[in-house]
Amino acid sequence: MIISMKLHSKPEEIEEVCQRISDFGYKIHTIEGEERVVIAAIGVGDVTPCLESLEAMPQVERAVRISAPYKFVSREFKKERTRIRVNNCEVGGDEFIVMAGPCSVESEKQIMEAAYSVAESGAKVLRGGAFKPRTSPYDFQGMEEDGLKLLRKAREATGLAIVTEVMSDRDVELVAEYSDILQIGARNMQNFALLKRLGTAGRPVMLKRGLSSTIKELLMSAEYIVAHGNKDVMLCERGIRTFETITRNTCDIVAVPVLQELTHLPVVLDPSHATGKRNLVPALSRAGVAIGADALIVEVHPCPEKAVSDGAQSLHLPTFRQMMHDLQPYLELWKQSRLAELAVAV
Ligand code: PEP
Ligand code: MN
């Protein structure tokens with residue numbers, strides 16, 4: 001069950017509700033929002049008597065039964081989509097967002113060139129890793145804080161928001177200082193110490209699906225971040241490992257509408273890691289828009305042949321520009337269907 005308290009409830013009123021829940025034998029998990037406290041009651045058995053008793057309490061706004069184990073992020077809990085404000089744009093709203101940039105931050109020249117170009121092509125968020133997870137630990141692991149400083153410079157110059165990866169709970173504060181969205185890579189989707197720390201990071205999170213993770217596991221990890229205090233989580237489908245070897249990963253494209261049915265969180269598609277091949281990125285990007293994703297995150301590099309990581313899947317700057325142009329008719333249809341959905345919701 002999820003119990004939403006009335007706005008600005010007093011501590012003693014909350015305590016009274018918690019006591020009632022405990023009397024029924026359920027465990028309690030409380031989330032304190034800016035205006036409202038939400039309580040999750042976890043336990044087994046028929047919840048109807050408890051639900052009825054809570055609904056009769058004047059300080060309770062709403063008490064609902066939720067069957068999904070990922071309670072806070074489920075559509076049962078919240079019908080309307082979560083919109084996440086990032087700088088000057090919104091992910092999950094009525095504008096499709098494109099995030100683009102190199103896999104890794106490599107130099108000032110590289111990141112500035114990429115930033116100016118993707119901004120001109122219509123991207124709203126610049127990506128670039130300063131802390132890099134790699135398949136081999138002996139590969140380049142990123143420029144760390146120097147890379148973050150370059151991202152900040154690119155943001156100041158172009159107005160783009162920044163999404164960049166944080167790999168350890170120890171680095172959350174540092175990375176949050178320089179970025180607008182904290183990216184959690186596929187290899188860290190179940191790093192629970194890191195997820196827990198994100199609860200109080202004060203920045204939106206983009207959680208990437210693990211290489212061998214199910215949709216439910218992805219939602220459980222998102223739930224864990226929300227349960228620790230951060231509601232602004234977006235999910236990212238970036239392909240999973242299968243027996244197929246022609247593409248780097250297998251894009252589970254249907255995960256996009258499946259997730260949108262199960263959760264109110266925005267869904268981002270990463271066509272670069274999902275395919276590993278730049279020639280496949282425009283087609284998969286079109287598919288992502290058509291299937292109703294909220295955003296794309298695309299790897300783009302001024303000179304992919306010289307990239308220190310993921311060059312084969314990185315688009316050249318002019319190809320990205322062309323792709324953004326070719327996406328326009330799809331984006332118009334996307335916008336119409338999103339506005340129609342919002343009109344129904346009103
Ligand atoms: C990346 O975005 O460059 C990256 C390492 O992604 P993933 O965690 O999905 O492999
Ligand atoms: Mn990459």
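1. Residues count as buried under 20% relative accessible area, as exposed over 50%, and as partly exposed in between. Glutamate 144 has a relative accessible area of 40%, so this residue is partly exposed. Note that the model is a predicted one.

2. Where does glutamate 144 sit? The residue is found in the loop between β8 (125–127) and α4 (145–158). Its backbone deserves a look. Phi of glutamate 144 is positive, near 55°, and the residue is not a glycine. Most residues other than glycine have a negative phi.

3. Asparagine 87 is another residue to check. Here phi is about 55°, again positive in a non-glycine residue. Asparagine 87 belongs to the loop between β5 (84–86) and β6 (89–91). Its relative accessibility is 39%, so asparagine 87 counts as partly exposed.

4. Now the sheet. It is open, has 4 strands and pairs them antiparallel in the order β2-β3-β1-β4. Which strands stand at the edges? They are β2 (27–32) and β4 (60–64). Each has a single partner strand, so one side of each lacks a neighbour in the sheet. On average, neighbouring strands are turned by 15° against each other, direction ignored.

5. Within this sheet, β1 (residues 2–5) and β3 (residues 37–42) run antiparallel and are joined by 3 bridges. In this pairing, isoleucine 3 stands opposite isoleucine 39 of β3.

6. Which helix packs on the sheet? It is α1 (residues 11–23), which touches β1, β2, β3 and β4. The direction of α1 makes about 10° with that of β3.

Key: Residues numbered from 1 in each chain as written. Chains lettered and ligands numbered in written order. Predicted model: local features only at pLDDT ≥ 70, side-chain atom pairs only at ≥ 80, totals over all residues. Heavy atoms only, no water. Helix = DSSP H or I, 4+ residues; strand = E, 2+ residues; numbered from the N terminus. Buried < 20%, exposed > 50% of the residue type's maximum accessible area, 1.4 Å probe, protein only. Pairing = 2+ DSSP bridges. Axes fitted to C-alpha atoms, helices over the stretch in contact; angles between N-to-C directions. Contact = heavy atoms within 4.5 Å.
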